[in-house]
Amino acid sequence: MPKLSLAAMSKLMKESGAQRVSDSAKKKLREILESKAIEITNDAIKFAKYKGRSTVQAEDIEKALR
């Protein structure tokens with residue numbers, strides 16, 4: 001089940017300059033962002049565990065993006 005709302009996708013796209021956004025575009029963006037978020041989170045968890053922590057911190061997210 002999706003975690004991000006279609007309304008949030010619409011807002012992001014409109015704030016970026018889109019005048020109108022189709023439902024299929026919102027759904028595709030949501031799919032891609034959720035997938036990428038999972039990848040980043042999995043990498044961040046590895047960094048946290050390497051540091052001996054169970055709490056993921058902002059620095060772990062930043063490292064995961066590199």
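Modeller: Arg 53 is buried, because its relative accessible area is 19% and the cut-off for buried is under 20%. Bear in mind that this is a predicted model. Arg 53 sits in the loop between helix 2 (23-50) and helix 3 (58-64).

Look at its side chain next. The side chain of Arg 53 reaches the backbone oxygen of Thr 55, at 2.9 Å. Now set aside the neighbours within four places in sequence. Arg 53 is then in contact with Ala 48, Glu 59 and Asp 60. Helix 2 covers 23-50 and helix 3 covers 58-64. So the buried state of Arg 53, at 19%, goes together with contacts to Ala 48, Glu 59 and Asp 60.

Glu 34 lies in helix 2. Glu 34 is buried too, because its relative accessible area is 18%, and buried means under 20%. Its partners come from another stretch of the chain. Not counting residues up to four places away in sequence, Glu 34 touches Pro 2, Lys 3 and Leu 4. Ala 8 gives one more distance to check. Glu 34 and Ala 8 are 26 residues apart in sequence, and their C-alpha atoms are 12 Å apart in space.

Now step back to the whole chain. The protein chain has three helices and zero strands. From the N terminus, the order of elements is α-α-α. Buried residues such as Arg 53 and Glu 34 belong to a group that makes up 18% of the 66 residues.

The overall dimensions come next. The radius of gyration of the protein chain is 15 Å, whereas a compact globule of 66 residues would have one near 11 Å. Along the principal axes, the C-alpha atoms fill a box of roughly 45 × 25 × 15 Å.

Contacts across the sequence can be counted as well. Take those between residues at least 6 apart in sequence: 28% of them join residues at least 24 apart.

Finish with the surface and the charges. The protein chain exposes about 5,300 Å², and carbon and sulfur atoms supply 55% of that area. The chain carries 15 positive and 9 negative charges. The mean positions of these two sets are 3 Å apart.

Back to your single residue. Then pick out Ala 48, Glu 59 and Asp 60 as its contacts.

Terms used: Residues numbered from 1 in each chain as written. Predicted model: local features only at pLDDT ≥ 70, side-chain atom pairs only at ≥ 80, totals over all residues. Heavy atoms only, no water. Helix = DSSP H or I, 4+ residues; strand = E, 2+ residues; numbered from the N terminus. Rg over C-alpha atoms; globule rule 2.2 N^0.38 Å. Buried < 20%, exposed > 50% of the residue type's maximum accessible area, 1.4 Å probe, protein only. Contact = heavy atoms within 4.5 Å. Areas by Shrake-Rupley, 256 points an atom, 1.4 Å probe, with all protein chains shown as cover. Lys, Arg positive; Asp, Glu negative; His and termini not counted. Charge placed at Lys NZ, Arg CZ, Asp CG, Glu CD. Polar contact = N/O pair within 3.5 Å; in protein donor to acceptor, adjacent residues only side chain to side chain.
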